[in-house]
Amino acid sequence: MNQMCRWLTDLVSRLLEPDDRTAVLGDFAESGEAAWQALCGVAGLVVRRQSELWKHGGPWIAPVSLVAPLVILFLTPAFRTISWIGQQVVTFWHMGVRYETGLPAGQDTIRMVCSILLVIVWAWSGGFGLGLLAHRTAWQHPVVLASLFLFLLRIMESTSAPPLALVWFTVWTSLVFAPFLLGVWRGSRSLEPGPIWRIAAAMVILTAAIQTVDAQRMYARFLWPASVLPFAAILWQYALLFTAAKRRRPIGVE
Amino acid sequence: MFCFYHNVIEMLGEFEYFILTAAARLGEAAYGAAIRQEIEATTGRRCSIGALYTTLDRLESKGMLKTWMGDATAQRGGRAKRMVCVTAKGIREAAAFYDAVRRVSRGASWQMVDNS
């Protein structure tokens, strides 16, 4: 029982800031309190710390007012690109040629790679923005939970056709879900929106590359509409930089 | 700066005062566990670690305390202490709270009166 309580205390204390965790676990070791008392104490502190974080406007206002509209803007091109990539993979698997165009695998690759990278960059950027704004509340944030729900729903929908389900699962995980979660992780540990400038540059270059590829221009516009994306990319970066300035500093940072 | 609540005196809370007093009494030996032990010994009430650390944070953000990570000791399983030092503002606020309690208590008696 004691061993179990100690293990749980260690697990729960990981939700605290590193300095907080060190000090609190040290205090319990020094006072020699019972394992269950230490567990209750740490759990109480975690609850207080989390509720303190949610008292600030950032975790509530910023994602709803800034992140959500841009995520919605991103969802249409992301769904289209993922469907397009899924169809390309399945058609190539069955017929040895690409979907719609009938081109072999080696051709028209620039647009395909740019489209894939753009989805990854958008997903990572969205996660980073959420992590940056919501900090330690990011993992309990409705946006993250909703993403997880949508992800699971998407997999369940596609279970009727096993090969397609595997394609969907792989494409969704590698292009959207994994970059998004990595972005949340990176953003929640970052004090500065430094990588955002590089991401902004990558978005503009990739968009320009997709739009200027002569072949299949019509499809490029269908996937990433030229009139929307540059505006969204700029607005996105501006929103992140603007709100990141209001970030809460952790203990010990002057 | 103009303040809408200029006529409202913002005073320390009771628990905030306990922490400032315990930290001031402990001096250079003031840190989380020692403050907690001091409060429990003097008040006879249990002090939760959650309440202690969130109040320490609040007092630090108000500029009444300064905290930093101290050295690790074997007694604490090699973990560092969160050291605490009361600032000049903290001393002023604690003194003001003590004065206010003394003044407001003047003439009041807390002896139990048997009315039967």
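Trainee: What should I know before I start?

Mentor: This is a predicted model, where local features need pLDDT of at least 70, side-chain atom pairs count only at pLDDT 80 or more, and totals for chains, interfaces and linings use all residues. Residues are numbered from 1 along each chain as its sequence is written, chains are lettered from A and ligands numbered from 1 in the order in which they are written, and side-chain values use heavy atoms, leaving out hydrogens and water.

Trainee: How many helices and strands are there in chain A?

Mentor: Helices (H or I, at least four residues) and strands (E, at least two) are DSSP runs, numbered from the N terminus. Chain A has 10 helices and zero strands.

Trainee: How many residues does each chain bring to the contact between them?

Mentor: Contact means heavy atoms within 4.5 Å. Chain A brings 19 residues and chain B brings 19 residues.

Trainee: And how many salt bridges cross the interface?

Mentor: A salt bridge is a side-chain nitrogen of Lys or Arg within 4 Å of a carboxyl oxygen of Asp or Glu. The rule finds six across the interface of chain B and chain A. Look at Arg36(B) and Glu33(A): their side chains form a salt bridge at 2.7 Å, N to O.

Trainee: Which parts of chain B touch chain A?

Mentor: Helix H2 (32-43), helix H3 (49-61) and strand S2 (79-86) of chain B each supply at least two residues of that side. H3(B) gives the largest share, six residues.

Trainee: Where is Glu30(A), and what is it in contact with?

Mentor: Find Glu30(A) in helix H2 of chain A. Leaving aside its neighbours within four places in sequence, Glu30(A) is in contact with Tyr31(B), Ala33(B), Gln75(B), Arg76(B) and Lys81(B).

Trainee: What is the largest nonpolar core?

Mentor: In soluble globular proteins, nonpolar side chains tend to be buried together. A nonpolar core is a set of buried Ala, Val, Leu, Ile, Met, Phe, Trp, Tyr and Cys residues joined through side-chain atoms within 4.5 Å; buried means under 20% relative accessible area (1.4 Å probe, protein chains only). The largest one here has 30 residues, and Leu12(B) and Tyr53(B) are among those with the most contacts inside it. Apart from that core lies another, of 13 residues, including Ile82(A) and Phe180(A).

Trainee: How much of chain A is buried?

Mentor: Buried residues make up 43% of its 254 residues.

How values were computed:
Buried means under 20% relative accessible area, exposed over 50%, partly exposed in between (1.4 Å probe, protein chains only).
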